[in-house]
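User: I'm new to this one and would like to know how the labels get decided. Could you take me through some of them?

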Amino acid sequence: MQAKRGKRRSVQQRTKVLSGPGDKVFSAFLGVFTVFLIVVTVYPLIYVFSMAISDPVAVSRKEVWLFPVGFSSYALETVFEDPNVLTYYGNTIWYTVVGVLLGIITTSLAAYPLSRRTFAARKPIMWLITFTMFFSGGMIPTYLVVARFLGLYNSRWAIILPGLTSAWYVIVARTFFMTIPEEMLESAKIDGAGEFRLFLQFVMPLSAPILAVLALYYGIGHWNAYFNAMLYLGKTELQPLALYVRRVVIQNSLEVEPVVDLTYEQVMSTLQIKYAVIVVAVVPILCLYPFLAKYLEKGMLVGSLKG
């Protein structure tokens, strides 16, 4: 009993030390800073959505600050009247799905052998992979290789192959794979499992957190990518949604048939089209995030800090 009381006292003393005035101030600062980050992150999303559906008159008078003022769906309807919007959507979904699948496969296949201590060449290969993070051939040589040498101009693979994998994601996945107990893999090898079977039946099922992280990051990258499409895709029927958003937001170009007799509401709604296009492009990827959120914290912490 006395030993238990002594332990309780020591725990209470440690708690008092940890919850001193300085710790309380620091905790309050972290709370305020977290709220600030939340506001800075969420406010633009709410503002853009509100501008897209608010009354055009309120938008023209700059009365929208956060939540919608009135309601009008004309801007969203105008965006979907563009005959190429569904084509852009389909192209973006194709680039995202194929890019995510191939990115996860290539990243995992590169990271797994580099995580094994029995792989003799892992250090020089890791040095080469790290080297590519600081030095590259540049835009013009890359364009010549992709468009001229490989002949991928106006090809869907011109969007997938140049960004197939990322050196940083390989390093993060390798670090995560190194946290898998080596003893488990060795016992499976003793039972007759080969490296490929180890990878598919043992490593991959245990790597759901890092695979979710890779899927989200590759998915966001392909969904928002427009620069490679601007370089390599001259055909409109192959272009992604991000290039369409850039054309509307920056160049003020919307591919709809002009209407001569416009109402006052329709004239005012033209100011909202940019916000409506952004909403159309952002909402699908935002809907995907909650399904992967539970894996992100574990995947990122283990993949970037351990090892």
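**Helix contacts and a pocket**

Analyst: Thr107, Ser108, Ala110, Ala111, Tyr112, Leu114 and Ser115 in α5 meet Tyr169, Val170, Ala173, Arg174 and Phe177 in α9. By class, that contact of α5 with α9 has 8 nonpolar, 3 polar and 1 charged residues. Keep in mind that this is a predicted model.

User: What makes those residues count as meeting?

Analyst: The cut-off is heavy atoms within 4.5 Å. The listed residues of α5 and α9 meet in that sense.

User: Which residues does α9 use against α6?

Analyst: The axes of α6 (residues 122-131) and α9 come within 9 Å, crossing at roughly 140 degrees. On the α9 side the contact is made by Ala167, Val170, Ile171 and Arg174, and on the α6 side by Arg122, Met126, Ile129 and Thr130. That contact of α6 with α9 has 5 nonpolar, 1 polar and 2 charged residues.

User: Why are α10 and α11 called oblique?

Analyst: Helix α10 (residues 182-190) and helix α11 (residues 195-203) pack at about 125 degrees, with axes 11 Å apart. Roughly perpendicular stops at 115 and roughly antiparallel means over 145, so α10 and α11 are oblique to each other. Their crossing, α10 with α11, is right-handed. Met184, Leu185, Ala188 and Lys189 in α10 meet Glu195, Leu198, Phe202 and Val203 in α11. In that contact of α10 with α11, 6 residues are nonpolar, none polar and 2 charged.

User: How do you know which residues line the largest pocket?

Analyst: A lining residue has an atom within 4 Å of a pocket point. The largest pocket holds about 470 Å³ of space. It is lined by 14 residues, and the closest to its centre are Thr132, Pro162, Thr165, Ser166 and Ala167. The lining of the largest pocket divides into 6 nonpolar, 8 polar and no charged residues.

Notes:
Residues are numbered from 1 along each chain as its sequence is written. This is a predicted model: local features need pLDDT of at least 70, side-chain atom pairs count only at pLDDT 80 or more; totals for chains, interfaces and linings use all residues. Side-chain values use heavy atoms; hydrogens and water are left out. On a 1 Å grid over the protein atoms alone, a cavity is a set of points where a 1.4 Å probe fits but cannot get out, and a pocket is an open set with protein on both sides within 12 Å along at least five of seven lines; lining residues have an atom within 4 Å of a point. Grid points are joined across faces, edges and corners, and a volume is the space filled by probe spheres set on the points. Ala, Val, Leu, Ile, Met, Phe, Trp, Tyr, Cys and Pro count as nonpolar, Asp, Glu, Lys and Arg as charged, and the others, Gly among them, as polar. Axes are lines fitted to C-alpha atoms, for helices over the stretch in contact, and angles run from 0 to 180 degrees between N-to-C directions. Helices (H or I, at least four residues) and strands (E, at least two) are DSSP runs, numbered from the N terminus. Angles under 35 degrees count as roughly parallel, over 145 as roughly antiparallel, 65 to 115 as roughly perpendicular and the rest as oblique. A crossing is left-handed if the near helix is turned anticlockwise from the far one by less than a right angle, and right-handed if clockwise.
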